[in-house]
Amino acid sequence: MTSPPASMKVFVCAASLRAESLNRKLAALAARVAGETGATVDLASMREFDVPIYDGDLEAAHGVPDGAKAFQARLAGSNAFVIVSPEYNGSMPGGLKNLIDWTSRFRPQPFDGRHGLLMSASPSMVGGNRGLWALRVPFEHLGARIFPDMFSLSAAHKAFAADDLSDKALRARFDKTVQAFLSLAEAAAHYPCMKRAWVEFLGEPPGQGVDRVDAA
Ligand SMILES: Cc1cc2nc3c(=O)[nH]c(=O)nc-3n(C[C@H](O)[C@H](O)[C@H](O)COP(=O)(O)O)c2cc1C
């Protein structure tokens, strides 16, 4: 596996607010592994992107809130993003979906064409993987290029020794996932996809007034 070059900038965000979050631990490891490939890493947590529940009236009166502006700016400053998210009730955390909804209001739409990798950690035996499948839906709807492989850490409360995964084979799999993702994102930076326009509601009949095509 060849390493992606140092020009890559990766935004890594842990989607749990908890100080002792297992997902934050996994995000920190992802940031470390990405950094070891030579990429520049911007590690964040949801605390930095506090937003109220999406409200169209609030948006009309005050625009998009600062938390979503900050999230958009961190995305815009990177070539690729990694979301490390808990699974809540078989799906993604509501706070994360709410942040995605607010951020999707910017034009050009910030997720369109952006490469993303999804990871999760949970004490359960499926490691929060169902939440990641749910998370693919809004991201892919928004035109993000979500990496086919995902990494879900099962029994995460027992998986760490200090700040690292204690299982060496699992750590090797983790490294490979991060490296493969960064290699694809790096290749895409040189060979951008020909798709140029993001259409908010696929299949909507074209016409003024109902068109939601973001061609930027
Ligand atoms: C509201 C809620 C719902 C949860 N639902 C699930 C679930 O569906 N699947 C799962 O594996 N864990 C579930 N958990 C347990 C979380 O995976 C566990 O608390 C995990 O440590 C949270 O992530 P964090 O450590 O990064 O904060 C849930 C926890 C909460 C608080």
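Reader: Is R171 buried or exposed?
Author: Burial is judged by relative accessible area: buried means under 20%, exposed over 50%, and partly exposed in between, with a 1.4 Å probe and protein chains only. R171 has a relative accessible area of 14%, so R171 is buried. R171 sits in helix α7. Helices here are DSSP runs of H or I with at least four residues, strands are runs of E with at least two, and both are numbered from the N terminus.

Reader: What should I keep in mind about the model itself?
Author: This is a predicted model, in which local features need pLDDT of at least 70, side-chain atom pairs count only at pLDDT 80 or more, and totals for chains, interfaces and linings use all residues. Residues are numbered from 1 along each chain as its sequence is written, and side-chain values use heavy atoms, with hydrogens and water left out.

Reader: Which residues is R171 in contact with?
Author: Contact means heavy atoms within 4.5 Å. Leaving aside neighbours within four places in sequence, R171 is in contact with L29, R32, V33, E36, D164 and L165.

Reader: How do I describe a pair of packed helices?
Author: Two packed helices are described by the angle between their axes and the distance between the axes. Axes are lines fitted to C-alpha atoms, for helices over the stretch in contact, and angles run from 0 to 180 degrees between N-to-C directions. In this model, the axes of α1 (residues 22-36) and α7 (residues 168-190) come within 10 Å and cross at roughly 60 degrees. That makes α1 oblique to α7, since angles under 35 degrees count as roughly parallel, over 145 as roughly antiparallel, 65 to 115 as roughly perpendicular and the rest as oblique. The crossing of α1 with α7 is right-handed; that is the name when the near helix is turned clockwise from the far one by less than a right angle, and left-handed is the name when it is turned anticlockwise.

Reader: Which residues of α1 and α7 meet?
Author: From α1 come L26, L29, A30, R32, V33, A34 and E36, and from α7 come R171, F174, D175, V178 and L182. By class, this contact of α1 with α7 has eight nonpolar, no polar and four charged residues. Here Ala, Val, Leu, Ile, Met, Phe, Trp, Tyr, Cys and Pro count as nonpolar, Asp, Glu, Lys and Arg as charged, and the others, Gly among them, as polar.

Reader: At what angle do α3 and α4 cross?
Author: The axes of α3 (residues 66-76) and α4 (residues 94-103) cross at roughly 80 degrees and come within 9 Å. That makes α3 roughly perpendicular to α4. G67, A68, F71, Q72 and L75 of α3 make the contact with L99, W102 and T103 of α4. By class, the contact of α3 with α4 has five nonpolar, three polar and no charged residues.

Reader: What do the buried residues of α4 pack against?
Author: They pack against α2 (56-62), α3, β3 (80-84) and α5 (129-141). The buried residues of α4 are L96, N98, L99, I100, W102 and T103. Q72 touches T103, F106 and P110, not counting residues up to four places away in sequence.

Reader: Now the loops. Where is S16?
Author: S16 is in the loop between β1 (9-14) and α1, and at 5% relative accessibility S16 counts as buried. Its side chain reaches the backbone nitrogen of R18 at 3.3 Å. L17 also has its place in the loop between β1 and α1, but at 43% relative accessibility L17 counts as partly exposed. L17 and M46 are 29 residues apart in sequence and 6.1 Å apart in space, C-alpha to C-alpha.

Reader: Which residues have backbone angles worth a look?
Author: A cis peptide bond joins R107 and P108, with omega about 0 degrees; P108 lies in the loop between α4 and β4 (115-121). N89 has a phi near 50 degrees, a positive value in a residue other than glycine. N89 is in the loop between β3 and α4 and counts as exposed at 82% relative accessibility.

Note on methods
A polar contact is a pair of N or O atoms within 3.5 Å; within protein, one must be able to donate a hydrogen and the other to accept it, and residues adjacent in sequence count only if both atoms are side-chain atoms.
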